[in-house]
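Open the model in your viewer and show the whole chain as a cartoon.

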Amino acid sequence: MIDCLHQDNRIHTSKYNILTFLPINLFEQFQRVANAYFLFLLILQLIPEISSLTWFTTIVPLVLVITMTAVKDATDDYFRHKSDNQVNNRQSAVLIEGKLQSEKWMNVKVGDIIKLENNQFVAADLLLLSSSEPHGLCYIETAELDGETNLKVRHALSVTSELGAEISKLAKFDGIVVCEAPNNKLDKFTGILSWKDSKYSLNNEKIILRGCVLRNTSWCFGMVIFAGPDTKLMQNSGKSKFKRTSIDRLMNTLVLWIFGFLVCLGIILAIGNSIWEHQVGENFRTFLFWNEGKKNALFSGFLTFWSYIIILNTVVPISLYVSVEVIRLGHSYFINWDRRMYYSGKATPAEARTTTLNEELGQIEYIFSDKTGTLTQNIMTFKKCSINGSQLTYQVQSPDEGALVTAARNFGFIFKSRTPETITIEELGSLVTYQLLAFLDFNNIRKRMSVIVRNPEGQIKLYSKGADTILFEKLHPSNEDLLSLTSDHLSEFAGEGLRTLAIAYRDLDDKYFKEWYKMLEDANAATDERDERIAGLYEEIERDLLLLGATAVEDKLQEGVIETITSLSLANIKIWVLTGDKQETAINIGYACNILTDDMNEVFVIAGNTIMEVREELRKAKESLFGQSRSFSNGHVVCEKKQQLELNSTVEETITGDYALIINGHSLAHALESDVKNDLLELACLCKTVVCCRVTPLQKAQVVELVKKHKNAVTLAVGDGANDVSMIKSAHIGIGISGQEGLQAVLASDYSFAQFRYLQRLLLVHGRWSYFRMCKFLCYFFYKNFAFTLVHFWFGFFCGFSAQTVYDQWFITLFNIVYTSLPVLAMGLFDQDVSDQSSMDCPQLYEPGQLNLLFNKRKFFICVAHGIYTSLALFFIPYGALYNSAGEDGQHIADYQSFAVTMATSLVIVVSVQIALDTSYWTAINHVFIWGSIATYFSILFAMHSNGVFGIFPNQFPFVGNARHSLTQKSIWLIVLLTTVASVMPVVAVRFLKVELYPTLSDQIRQWQKEQKKARPLRSRRPQTRRSSSRRSGYAFAHQEGYGELITSGKNMRAKNLPPTSGLEKTLYNSASWIENLCKKTTDTVSSFSQDKTVKL
């Protein structure tokens, strides 16, 4: 039993249930200021004394928007429930009433005993009791937790391993576990097992965590320690957050501003009404049969204020939000339908799992990426080796340490068997048995591991493998020539992005070894400074080594990773790698995919073990960075926009040169503390690349949150495993890659696809287009609605401030829903400034989104000014032209209804011409929607003003015959033409001058494309890279401290031959030429657009 509350194993990643959906969803929706604003207007419209428009003009679209959003949210949450049910309904063998019974995961409880079989996922956090392996060992894969695919060893207490698989003994197990509270620390566990009047200490080596997979072990039994949300996997998963785009947040601010603007207009008109009522209106009150209360001019002004608030609310119509949701939905389908993001290898298309974040894809400044399975394929390939100076090339595919063992077998050296004391190898057909004398284990400080054996001739030899930078320091001086040659080979291997490993040996004297081994036994038995004494003995014997050679193993990159990273870097996107892997491995992959390069001015490594050490290392790095930047006159400028820094720095310096920052997980834990994190963030953001190694899932999320909190930048996180879920949830945009590590990352993501390379198209094409289209849509929408609405303000000065509308109510209702909705939707869905190929070829086009240039507060005020000017032209040109005028038949045409029809017709034509000017990419749909909307307007206009409709609904359609009477007058059409020209020509002139004098990059690309007669050549595939490298060994494998004791104890021995594996050879394409061509191509393309004009983003 467990000394804690009994928690079941059910997990919940969904946000709602049947009871909570309505209140929670409505609460979330009314956090959007516009929805609350429209609800307020609806309440006002229900008051007869102030309602100047019927209530259905607001309630119908409001209910429509809320319903559409609720249905979308419910659908998204349904799939979360479906995913949860799939996990919760998995089957597990649970010991119930003395029998093994199949039980759903969600019904597993703390204290239950579970049987796991090989390749099964672990259902909950378990205390390992026994296994099929000797001494209660079992092997687990923790890829879902930390991204590592190398197997880790767990071993049961000897007292419980004796339980074996005997159900009767296991059923009688009545131990009591007192342990730590649920937490998110994956590498630590403390607890005590009390059983049979004895107490046994428990640590992380005795625990199997949920999300692990049992490997190479037939079966094991474990007792549930933590279940459901208490498991360490779920503790690291983070919470689902309500994500909103920066445009959404800006819209909330703008709605408040607009409401304030309407209040000001309402106050002006209310004051005008009070003055008019006091000076003029009192002469007519007798004829209106008003009661005493309404005779007060101030009260009349008060009512008029609210009436005008209702009339002018169409500046931000509810249809704006309907259109936004429709456009976002369309953009999501474009992502889903993109066949260039379809991975045929797994028949996996790209998927937009949310419809509310598309335009944010066009504003990304920071990408936080996992390594294993995201940048790499999670496949190890033995590639090359250097033996005594002879360089050999070998091709085989195999995971982890198996790559070396398999390569050795195919060269004729076959591992046959191993016992706690011996290792048997078939060497070129002859069996040779070595006596295992000692095992010098690996750790992160030593960066090497050694074994001491006695061969059949009685010689004692020490063999050591590890990082070449460390091992070369231990070599005998006689190795100088071989060292130089091997170093050249290692540089060549590392230059090809391979993970290298050096191997050396030493002959030991029998007497010396016995004396040394006695000291080692004493050190192992010591209670004080045990680790230090052991480390000292290891250092003593691992010296004067003779170099044997080196190996090179490739952790294969996914296809297109190098091109994608290069292209995103040209788009001014910074890429941070957050991985649970070792520092050397992460650095090696960084070089392989060109996140790190040998051309960088400096790579800062932060590896302090205390907060003081970390602070000092950060300080020195900053001093070095600022100092070196002053000494370089040329180089790539890597600096942050001043407005984006929210740090305490008093001076913002321009940093020249490329820098990278490498930081370990234990150092990061100190750096994330409150008094150091600003130093970390400042240094990190001044570097081109940041690599965080050995980080926990929670630390990944903390790094993302740090950048989100202190930088005004949009972030994106991409990963493929459960260890990436919290990072994916924390970022503005979360990308899940459906790779080798399950679907947890995909299920928690906003967008998903099968290969990292698709990120380039997602951002540079779909993201950029979505941002471009949404910004154009909003600019036009605000313009047309200010032009449409503000004529009521000007009309107020001519109608006694009576809150009379200048248009008939049907036109007001249909303007945004019918007459102008489809053209702006077509522009928001299909418009593009340049083609998708141009967007990929010229990544610099992405920068306007990062700088938020296409829609911001300044752009909003320009749109408002444009709308105000148009409203002035729409009102005063017809007013002046119709003033005291007569028609061709001598009858007057200056009546209210004719004036309203003239203005409405002018408005529809003006906004239609304006959207035609705004459209950059014409399709048949645009033509049909724009010109069809004009035709629809006239059709409805003549229908509503017809005698037949008036006869049926005389109170609803009072403008009988007016359209026919007004639009048959030539003077009316001249007024419409004059109004259209006066409204549009200034815009045409300004845009012409802007394109000629200050063309943007997209302007020049469009002009360049028009001049091109030939098709754009296909992009060449990347050839193989060759470069000299200043870095050293990246370790071929993910070693782990603790294997030495297991091997020498014999606990993990099985006398079985290594099963044969076969390899696949795959040609790699070098990246250097591709990158040079892309950079040159981009530079040449941009420079060829214009020789004399300034390129302005």
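Of the chain's 1097 residues, 55% are buried, where buried means under 20% relative accessible area, exposed over 50% and partly exposed in between (1.4 Å probe, protein chains only). This is a predicted model, in which local features need pLDDT of at least 70, side-chain atom pairs count only at pLDDT 80 or more, and totals for chains, interfaces and linings use all residues. Residues are numbered from 1 along each chain as its sequence is written, and side-chain values use heavy atoms, with hydrogens and water left out.

With the cartoon on, the chain shows 39 helices and 30 strands; these are DSSP runs (helices H or I, at least four residues; strands E, at least two), numbered from the N terminus.

Next, select residues 191-195, strand β8, and show the side chains. Gly191, Leu193 and Trp195 point to one face and are buried.

Two strands count as paired if DSSP finds at least two bridges between them. Within this pair, Leu193 of β8 has Val177 opposite it.

Now select residues 198-202, strand β9. Five bridges join β9 to β8, again in an antiparallel arrangement. Look for Lys199 in β9, which stands opposite Ser194.

What lies between β8 and β9? Two residues separate them in a hairpin, and Lys196 in the turn has a positive phi of about 55°.
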